[in-house]
Amino acid sequence: MMRRYQDKHDVQAKAYYNDRFWVAPQIPKEPVESDEVFAKDLKSLKSKFQIKEAYIQRGQMVVYIDPKDNREVLKHLRDELSYNFLSELSAIDWLAKRGEFEIFYQMLSTSKRKRMRVKCYIKEKEAIESVCDIYKSADWAEREMYDMFGVIVNNHPFMKRLLMPDDWQGYPLRKSYPLHGDEFAQWYEVDKIFGKEYRDIIGPENRDSAYVNERDTKHFARIRHEVRYGEEPSKEPTNLMQEYQEEEGVFLIKKFKKDKSITLKERK
Amino acid sequence: METPRREYPNRLEPFFENLVFDRDDNTMVINFGPQHPSAHGQLRLILELDGEQIVKAVPDIGYLHRGMEKMAENMIYNEFLPTTDRMDYIAATSNNYAFALAVEKLLGIEAPRRAKIIRTMLLELNRIISHLFWLATHALDVGAMSIFLYCFREREFAMDLMEDYCGARLTHSAVRIGGVPLDLPDGWIEKLAHFINKLPKDIEDYEGLLDQNRIWKMRLEEVGVISPQMAQTWGCSGPTLRGSGIPWDIRKEEPYELYDELDFDVPVTDSCDSYGRYKLYMQEMRESIKILKQLIPMYKESDPQIMAHAPQYISAPKEDIMTQNYSLMQHFVLVTQGMRPPVGEVYVATESPKGELGFYINSQGGPYPYRLKVRAPSFWHTSILQELLVGHYIADVVTIIGNLNIVFGEIDR
């Protein structure tokens, strides 16, 4: 049997079973004309910019623009069409399928009570202009987008990683980045604290205190039969009666007697 | 004399954010956090001071980053729900709910009425819990110890109610996609009624301690002034936005759940400062009590169904699974493979206690979301610090951070 083809550019979890004839249903895309306010907005946008596609999905208008127009479009939306909030900005990784990033700007107009999404596609190595002087909220959002996807943003005042450390390598939210981290990520702390030469001495099992060996069927903790790591599992139950105070007692503090304590039925 | 900047950091001379600590311009750079009791989590602020006045502030985040959006891409929808607890861990149900609502919008299903009532109750209870926590820690930061103890006492009652309902005090996971897992236990409604009858008196007590308190007023009035323009351009939401005089509450403007049937007011103030926002939080708690009072009779009239009927996406009730073969098969498929929503995308915003909590979900028809983006209000409220802190004194930093009600679980995600 041939091994199934798996795309190296997308290493995220996949469904292990797909019905051969199953076709995923689509969320309906309604025409923009079905909503008066959106139709007006779209007309105003179309008069100035090239709009590639526009529709309404679940009550919000989605507009595809040319990535070069992003600043002008957002300026137009803010000044002319009173979309006064940029409530979200991020990217979607389509590198595996089409070699592109999809950037979306989620807009909100409090006066019209409408939300819309402005979207555009850019190639992997292409840069997009920063909009953070139009909406200051884009400042951190663009930094996060760069941090997570490696989308280059031009003319940003402080383009630096936001969530990951400065010296991080790789972009965690790309589909090609494994969930448990690549080699750099897994050894990051060891490399930083001890140096690369300590990788062999420390070893993968001590690298991470929360490390769980999935293949190990023997040395996992059995509830109430816990043993130290690496020791043989025991039949003897562990002593769960914990004493919260030293044997001799503590100065001025009375020893808590478990058998003399009572549990209240109701709060006083 | 300026020290030359190195090209690459090495282990002997580490790399401090391109910062040169000794400079010749009479300003001092200090590092606030990431381990600071008033930073409300792992916030690191790099402050440049001229005397005691802040000239430049650079917030640094990421110390609690767990990659939740990445995790979401590798989990089936129901699996991700408990993870959302860990975002705004002060009011976990509001996260669960925002995620569940987004997925429901994606699927095009609606929760039954009783589930909606229970959810709204839990949401408002969480709002009270969160606001009490906010007041407690904020007052503690500013120096009022007793308020902290009083608020935590009342919060404890609310947490007990949460514990009675779902068994957890902090990470509730009390909402499911398509409804709620359980009906209210016996006597819960009475306990809730007892709690909300008592709470207004307590809020009066807090106000009695703080409203005219000279120290409280001196530390909060005219501190952290966010103008309406600033609030808009920085994407503020929730009480921070309404504190700047913009009456925008998603519960009112884009009603979800039962908020269109309920009678409540949205308190707004145009004082724009920390004191105004404090008054707003107090008022919001009263509004939550008002909502809860209206929900109690609504609950008694509703039908007992608590999960939506959508066999393609949501498991049947337990009795059906135990008695009917087809329900069991569907349940098996939904648990092992996960539901497969239609292809498309949604952005759903809800009014969490902190502000606009939105979930953007892009589904490609698979059991895993293709992209999930969390719009957490605290993230945007933290980014405003770089403009807001400038010109304030260093003692006000603590007031401002506390007043913005930021929670690091949802900033770093």
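Which elements of chain A are included in what covers the buried residues of α2(A)? Before I answer, please keep in mind that the model we are looking at is a predicted one. Helix α2 of chain A runs over residues 70-79, and its buried residues are A:N70, A:R71, A:V73, A:L74, A:H76 and A:L77. Their cover includes the helix α1 (36-48) together with β2 (60-65), β4 (100-109), β5 (114-123) and β6 (127-129), which also belong to chain A.

Let me turn to chain B and to a pair of helices there. Two packed helices are described by the angle between their axes and the distance between the axes. For α6(B), which spans residues 188-210, and α11(B), that angle is about 165° and the axes are 10 Å apart. An angle over 145 degrees counts as roughly antiparallel, and α6(B) and α11(B) are therefore roughly antiparallel to each other. Their crossing is left-handed. The residues that make this contact include B:I189, B:L192 and B:I196 on the side of α6(B), and B:Y278, B:M282 and B:I289 on the side of α11(B).

B:S271 is partly exposed, at a relative accessible area of 35%, and its side chain is joined to that of B:D273 by a polar contact of 2.9 Å. Once its neighbours within four places in sequence are set aside, B:S271 is in contact with B:G243 and B:G276.

The partner I would point out is β5 of chain B, residues 355-363, which pairs with β6(B) in the antiparallel sense over five bridges, and B:G358 stands opposite B:R375.

Finally, which side chains of chain A does the side chain of B:E345 reach through polar contacts? B:E345 lies in β4 of chain B, residues 344-352, and is buried, with a relative accessible area of 4%. Its side chain makes one polar contact with the side chain of A:R117, at 3.2 Å, and another with the side chain of A:K119, at 2.6 Å. Beyond its neighbours up to four places away in sequence, B:E345 touches residues of both chains, among them A:I27, A:Y55, B:L106 and B:Y360.

Conventions. Residues numbered from 1 in each chain as written. Chains lettered and ligands numbered in written order. Predicted model: local features only at pLDDT ≥ 70, side-chain atom pairs only at ≥ 80, totals over all residues. Heavy atoms only, no water. Pairing = 2+ DSSP bridges. Helix = DSSP H or I, 4+ residues; strand = E, 2+ residues; numbered from the N terminus. Buried < 20%, exposed > 50% of the residue type's maximum accessible area, 1.4 Å probe, protein only. Contact = heavy atoms within 4.5 Å. Polar contact = N/O pair within 3.5 Å; in protein donor to acceptor, adjacent residues only side chain to side chain. Axes fitted to C-alpha atoms, helices over the stretch in contact; angles between N-to-C directions. Parallel < 35°, antiparallel > 145°, perpendicular 65-115°, else oblique. Left-handed = near helix turned anticlockwise from the far one by under 90°.
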